[in-house]
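Biologist: I have not worked with this structure before. Please take me through it one topic at a time.

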Amino acid sequence: MAFDIEMIKTVYARLPERAAAARQALGRPLTLSEKILYAHLTQGNPTQAFERGKTYVDFAPDRVAMQDATAQMALLQFMQAGRPQVAVPSTVHCDHLIQAKVGAKEDLQNAINTSREVFEFLASVSNKYGIGFWKPGAGIIHQVVLENYAFPGGMMIGTDSHTPNAGGLGMVAIGVGGADACDVMAGLPWELKMPKLIGVHLTGKLSGWTAPKDVILKVAGITTVKGGTGAIVEYFGDGADSLSATGKATICNMGAEIGATTSIFAYDEKMAAYLRSTERGDVADLADGVREHLRSDIEVYQNPGAYFDELIEINLSELEPHVNGPFTPDLAWPISKFAQAVRENGWPAELEVGLIGSCTNSSYEDMTRAASIAKQAVDKKLKVRSEFTVTPGSELVRYTTERDGLLATFDAMGGVVLANACGPCIGQWARHTDDPNRKNSIITSFNRNFAKRNDGNPNTHAFVASPELVTAFAIAGDLTFNPLTDTLVNEEGNAVKLDEPLGIELPVNGFAVEDAGYQAPAEDPSSVQVLVSPTSDRLQLLDPFAPWEGTDLTGLKLLIKAKGKCTTDHISMAGPWLKYRGHLDNISNNMLIGAINYYNEKSDSVKNQLTGVYEAVPKVQRQYKAAGIGSVVVGDENYGEGSSREHAAMEPRFLGVRAILVKSFARIHETNLKKQGMLALTFANPMDYDKILEDDTVDIVGLNSFAPGFPLTVVLHHADGTSESFATNHTYNEQQIEWFKAGGALNIIRRSVGA
């Protein structure tokens, strides 16, 4: 039986009534996304239509999921909220703190040894507050959620940007910061601007080398990394119904790379089969009973252009395999044009490492398709030219694939099976290299390929493709190789061609596992003690941030004017810094060290206006803080793109940055800044970015009349004695303005319970 089956029964019992009420309120047929959104309003039955892209709406999610790196801060905040138990089903998954170095067994044990304090903290907090705990080695959060918790028609938030993976089972699943998770676990409404809707109509059927991964790689090329911002991407059509549930999940997972709020597919037979295969036949039976409410209304499918804000058409029968990159996940290349792009751009053609797995592509189907290529390398006597690693998504997948001989196939090919964890995808990779700065190429079946993300080397050209294509490239060791058309010379000197991959959606003999890695919360939470050592360098209890002073902010120093792409990886790096995710003071030493300073084109080098010396960003900011001086960070387009990590908002807040002023924000990061009591402002005129000079002192005025829809004014005081001002926009509503005034949303929660 499924987890939380009574909760799922409740959701389905009210779904028909709420869908009917929403249809009446909107006066028209509904998309699937709208049915789920309106069915999860905090108010209950909908009574009005909310304007897409403009109106903030309060929702009541069904559950919360957290991974170990973000759960630390989320739960440290929840501990301050004064609540005895979580209000909705919640889980913690230990997948980020396991570094890939040698192999699964050794790496897992090393992680348990080095991060024992953190794992024990998370386990004890989970025990105390009624949270399900998935131990290190159990698997990657999104794969484990798909196998155990995701259900059609549900709503979930998760403290990881790839939470939308659950859309593969028809769930509205949205990545958030820890403060949002804290609110929902505390029983408060969760606020979201009503998303716009992008429809992707899939026709035809995949065949040959083309995989579900290629759908989202194609979409990313169409929309760019910010084209989905503020929108739900809803896939539909005969082509959508032909995709496996895990293939759908891959597409939804990587929707984060186009900035989408989430992505979703309608309930169909593929989802039902996956639910039954993962021993959730009870959920499939319930979903079958409300099937019409788990798909868009028929009128939407008949005339989609009338119901979506944007419509994309893709014929799967004509879709080519794609390779995206380097350095950004939306630089899309059909395989027929990729070799030429490699040559013309001077990218390293020699492939050093191929890596498959991760939360995006680690299903049983993915593994069988990749293994069918790996087996050919052995059978056709091909020498594998590149290193090759395999990351299973969960212990369920790992155990089943080992039973069915797939892991032995990868081993025979020369591959290394890593722990069931995020590993190289998030920079948790002790890469084997004789030169950590060498210009080189790798290819992965992961999701993000920003500079330095995987191995810390800014010269690593990372490309993204399907697992089977990655496997073929690893065999060839050459990025100009096209497995659809080219041959390889084997060890006997014969030219051989790789056959098309073959995959199995679901294991013929069913899934199997000895220990999935789950720990239920304590039946008697009163007996559980949560201890944090005051001398720990991994964990630190939080103190509330100070409330707004009640005045305009004046005399602020420019900390950094970031140039170009500035993701959450640039603002708060992962990799070796993951160990400090529960210690705000220590992790703040990585604040903005990856951002490029507009004035000297260097990272982690900004001018200290107190001394005139160029120093590390956190060092300069700590000096400003010690002197009682606030500061401003200026950024470019889509600032805060990437991971949901709220550390990228908490670190500036903690060190005394008062405002972030940019051309545009990524959704999750903007919300995270608001939750922490920061000012998140955008240039009314993007050209005003150019007015900001390195030695500027900045005032932000108009705060005494801070109100929704009314701009604030920025005054620049230049070093030559001149001044100029311009308007800045914001998206704060009344409630969010109260967060700012209180010093953060958590302070309001604390007040509400007298903490």
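**Helices, sheets and loops**

Biologist: At roughly what angle do the axes of H1 and H2 cross?

Modeller: The axes of helix H1 (residues 5-26) and helix H2 (residues 32-39) cross at roughly 110 degrees and come within 9 Å. Axes are lines fitted to C-alpha atoms, for helices over the stretch in contact, and angles run from 0 to 180 degrees between N-to-C directions. H1 and H2 are therefore roughly perpendicular to each other; angles under 35 degrees count as roughly parallel, over 145 as roughly antiparallel, 65 to 115 as roughly perpendicular and the rest as oblique.

Biologist: Where do the names and numbers come from?

Modeller: Residues are numbered from 1 along each chain as its sequence is written, and this is a predicted model in which local features need pLDDT of at least 70, side-chain atom pairs count only at pLDDT 80 or more, and totals for chains, interfaces and linings use all residues. Side-chain values use heavy atoms, with hydrogens and water left out. Helices (H or I, at least four residues) and strands (E, at least two) are DSSP runs, numbered from the N terminus.

Biologist: Which residues of H1 meet H2?

Modeller: Arg14, Leu15, Arg18, Ala22, Arg23 and Leu26 in H1 meet Glu34, Lys35, Tyr38 and Ala39 in H2. Contact means heavy atoms within 4.5 Å.

Biologist: Now to the sheet with S8. In what order do its strands lie?

Modeller: The order is S10-S9-S8-S11, an open sheet of 4 strands with parallel pairing. Strand S10 (262-265) and strand S11 (310-315) each have a single partner strand, so one side of each is left without a neighbour in the sheet. On average, neighbouring strands of this sheet are turned by 20 degrees against each other, direction ignored.

Biologist: How many bridges join S8 to S11?

Modeller: Strand S8 (residues 196-203) is joined to S11 by 6 bridges; two strands pair if DSSP finds at least two bridges between them. Glycine 199 has leucine 311 in S11 as its bridge partner. Helix H10 (residues 245-253) packs on this sheet, touching strand S9 (231-236) and S10, and its direction makes about 160 degrees with that of S10.

Biologist: And S14, is that strand buried or exposed?

Modeller: Strand S14 (residues 351-357) is mostly covered, with 7 of its 7 residues buried. Buried means under 20% relative accessible area, exposed over 50%, partly exposed in between (1.4 Å probe, protein chains only).

Biologist: Which strands does S14 pair with?

Modeller: S14 runs parallel to strand S17 (residues 440-444), with 4 bridges, and pairs in the parallel sense with strand S15 (residues 387-391) over 5 bridges. S14, helix H15 (residues 364-379) and S15 make a right-handed β-α-β unit; right-handed means that, with the strands pointing away from the viewer, the path from the first strand over the helix to the second runs clockwise.

Biologist: Next topic: how many disulfides are there?

Modeller: The search of the whole structure finds 0 disulfides, a disulfide being a pair of cysteine sulfur atoms within 2.5 Å. For cysteine 359, the nearest cysteine sulfur is that of cysteine 425, 5.7 Å away. Cysteine 359 is buried, with a relative accessible area of 9%.

Biologist: Finally, where is proline 326?

Modeller: Proline 326 is in the loop between strand S12 (322-324) and strand S13 (332-334). The peptide bond from glycine 325 to proline 326 is cis, with omega near 5 degrees.
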